[in-house]
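Please have the viewer open as you read.

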Amino acid sequence: MSEMMTTQAGEPGAFREFDLSRVPSPSFVVDEVAIERNLKVLAEVADRSGAHVLAALKAFSMYSLAPLVRHYLGGTCASGLFEARLGREEYGGEVATFCAGYKTNEIDEIIALSDHVIFNSPMQKSRFLAKCRTAGKQVGLRINPEHSEGEVAKYDPCAPCSRLGTPISQLTSETMQGVDGVHTHTLCEQGFEPLARTWDAVEAILKPYMQGLKWLNFGGGHHITREDYDREALIAFVQKIRATYGVDVYLEPGEAVALDAGILVGEVLDLPENGMPLAITDISATCHMPDVIEAPYRPALMDEAKQGHSYRLGGPSCLAGDVIGDYTFLHPLEVGERFAFLDQAHYSMVKTNTFNGVPLPTIALWNSETDDLQIVKQFGYEHFKERLS
């Protein structure tokens, strides 16, 4: 294993030393030192393996850190027009865009912004191939390996009847006509072994087409910066594919860029009781951490106790299901008390919404080495109102 530094997902790291009262509540606080630590790991993987490593904006698009990301990574991957524009304008480098369905009135701008335009189906590829060729842009086709590695069906791109990717059993010389690269994404917060199994499942089927390809893109979901990730195996894997087939290899980590790099600070608003102690907070699951409801998952609470005083934490919205979960504290909670959920820089920040008029969290940037703190953005009534009419 390399000497690259990482921490295990869900650990408080330097945030245990952060005074939660220094920021408004609620607030996302991102540690730029932790972001750079992750970026160094990804850059080393890229350097040693020869892979092109792109930051997935769908997971972490805090563009105030774009200069830092740009210093270490080769570019970004986008999920549509707005992310492609953000990647081109703020991050630079390569922009690879995949969307399950492109709109005719957006495709020209997407092609202009992107280096790789990746299509979900042969039909969409055929519709827009000539435009891509005229613009000199490379064309990709997303495949469905028909090999599941997802642990939750909702997040498994290879689940039965999935809309994502062309089933690999449907590939023909005609469907591959004009295709410069193949994109596949089967992972979600996983290690190297699922990637290796996916490749084992598709290599023989892709082999007849490899001579005509310039690149393979293995998408995202790779927890490369996690301490127990087998990075040596990943590096050897990429090197072997490049040597065997003469193609470039792309990886699109998103969560790995911001793993263990941010917290969401909240405050207790009320302490009612109904069958058990409850805590109403200014953090809303549905507005600020929607994956808690959608996945579902239980976010880690900083310094949660194994025994003590247990509460069911929920948000201020009128949604009955706006419940974050049951948590235990060493002491009885008080109104006005601050707390923080760990590992909230990725996905939570990009998924926030203003249902019920619940305010969006402030975004703050902290340097755990210098203790410098910067309020990057605060949101007010106008951000709620401007989305309505």
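Let's begin with helix 3, which spans residues 81-91 and has L81, E83, A84, L86, G87 and Y91 as its buried residues. Buried here means under 20% relative accessible area, exposed means over 50%, and partly exposed lies in between (1.4 Å probe, protein chains only). Helices (H or I, at least four residues) and strands (E, at least two) are DSSP runs, numbered from the N terminus. The cover over those buried residues includes helix 2 (66-72), strand 3 (75-78), strand 4 (94-98) and helix 4 (104-113). After helix 3 comes G92, with a positive phi near 70°.

A word on the source: this is a predicted model, where local features need pLDDT of at least 70 and side-chain atom pairs count only at pLDDT 80 or more, while totals for chains, interfaces and linings use all residues. Residues are numbered from 1 along each chain as its sequence is written, and side-chain values use heavy atoms, with hydrogens and water left out.

**Annotated positions**

The unreviewed UniProt entry places the feature "domain: Orn/DAP/Arg decarboxylase 2 C-terminal" at residues 151-343. UniProt positions are given in the numbering used here, feature names are shortened, and annotations may be inferred rather than shown by experiment. Across residues 151-343 the chain is 22% helix and 22% strand, with the end C-alpha atoms 20 Å apart.

The unreviewed UniProt entry also gives a "binding site" at E255 and D291. These positions are spread over 37 residues of sequence yet cluster in space, the largest C-alpha distance being 13.6 Å. E255 sits in helix 8 (residues 255-258) and counts as buried because its relative accessibility is 9%. Setting aside residues up to four places away in sequence, E255 touches A59, E189, H223, H346 and Y347, where contact means heavy atoms within 4.5 Å. With H223, the side chain of E255 makes a side-chain polar contact at 2.8 Å. A polar contact is a pair of N or O atoms within 3.5 Å; within protein, one must be able to donate a hydrogen and the other to accept it, and residues adjacent in sequence count only if both atoms are side-chain atoms.

D291 belongs to helix 10 and is buried, at 15% relative accessible area. Neighbours within four places in sequence aside, D291 is in contact with Y155, P296, Y297, Y347 and K351.

**Salt bridges**

The structure holds 16 salt bridges, each a side-chain nitrogen of Lys or Arg within 4 Å of a carboxyl oxygen of Asp or Glu. Three of them are tabulated here.

| Pair | N to O distance |
|---|---|
| D303 and R16 | 2.9 Å |
| E232 and R48 | 2.9 Å |
| R226 and D228 | 2.5 Å |

E232 is partly exposed at 26% relative accessibility, and R48 is partly exposed at 35%. E44, R48 and E232 are linked in a network of salt bridges.
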